[in-house]
Amino acid sequence: MARKTKEESQRTRTRILDAAERVFLSKGVAGTTMSDIADHAGVSRGAVYGHYKNKIDVCIAMCDRALGEAAPLTQVSTDGEALEALYASMRQYIQIYAEEGSVQRVLEILYLKCERSDENAPLLRRRDLWERHALRTSEKLLRAAVKREDLPRALDIRLSNIYLHSLVDGVFDSLCWSDRLKGDLWPRVDRMLRAAIDTLRLSSHLQLPQAA
């Protein structure tokens, strides 16, 4: 009986978090209420409050579930060809953004539907941690590529890292807000990523000023 109760409780939490993704994406964090989440989950408000204190608590659990699923997909190794690993890492992040599912919905909520406020501070911290993880990963690969002399020794790693993530963010924005990359997505994404790596190799503007 205890096992059944535990399983039922987990199913209820799953329904609540699944519904929360849809509601927060539609209404934004500020515009969503616990009643909205309960209605979309097909449960009572009491059931939602039985698991979560408030809508921010729901949103935190929703984010942690999705980003926890995505984390293993972003792990890379510096063994072998660092530039190929860098290319694969950027492509993986874009794939996470592009594929419909919990991770895509949660990232869209965090970046586009989560207003800056004291109430949303725990959510903004999760967005910040996601970004820092991505930046640390690519910085590690850039340093490995410089060490292997696959990139110029004078490369401005910090600026190059910002450049790469600006490209990935731009692809994310295009996927969310326009049809520019719809249809023939991956061949064009691959060309842009390869072009970015060529730019790291060749552009003096991404090298330290005193060495350019």
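**Cysteines**

I looked up Cys59 and found it buried, with a relative accessible area of 0%. I keep in mind throughout that this is a predicted model.

I then asked how many disulfides the whole structure contains, and the search returned 0. For Cys59, the closest cysteine sulfur is that of Cys63, and the two sulfurs are 4.4 Å apart, which is too far for a bond, because a disulfide would need the sulfur atoms within 2.5 Å.

**Aromatic pair**

The partners are Tyr93 and Trp130, arranged edge-to-face, with 5.6 Å from centre to centre and 75° between the planes. I traced where each partner lies and saw that the pair links distant parts of the chain, since Tyr93 belongs to helix α5 (residues 82-98) and Trp130 to helix α7 (residues 121-147), 37 residues apart. Are these two residues, Tyr93 and Trp130, buried or exposed? I recorded both Tyr93 and Trp130 as buried.

**Charges over rings**

I found the charged end of Arg194 over the ring of Tyr87, at 3.7 Å from the ring centre. I also noted that Arg127 places its charged end over the ring of Tyr111, where the distance to the centre is 5.5 Å.

Conventions
Residues are numbered from 1 along each chain as its sequence is written. This is a predicted model: local features need pLDDT of at least 70, side-chain atom pairs count only at pLDDT 80 or more; totals for chains, interfaces and linings use all residues. Side-chain values use heavy atoms; hydrogens and water are left out. Buried means under 20% relative accessible area, exposed over 50%, partly exposed in between (1.4 Å probe, protein chains only). Rings of Phe, Tyr and Trp (its six-membered ring) pair if their centres lie within 6.5 Å; planes under 30 degrees apart count as stacked, over 60 as edge-to-face and the rest as tilted. Helices (H or I, at least four residues) and strands (E, at least two) are DSSP runs, numbered from the N terminus. A charge sits over a ring if NZ of Lys or CZ of Arg is within 6 Å of the ring centre and within 35 degrees of the ring normal.
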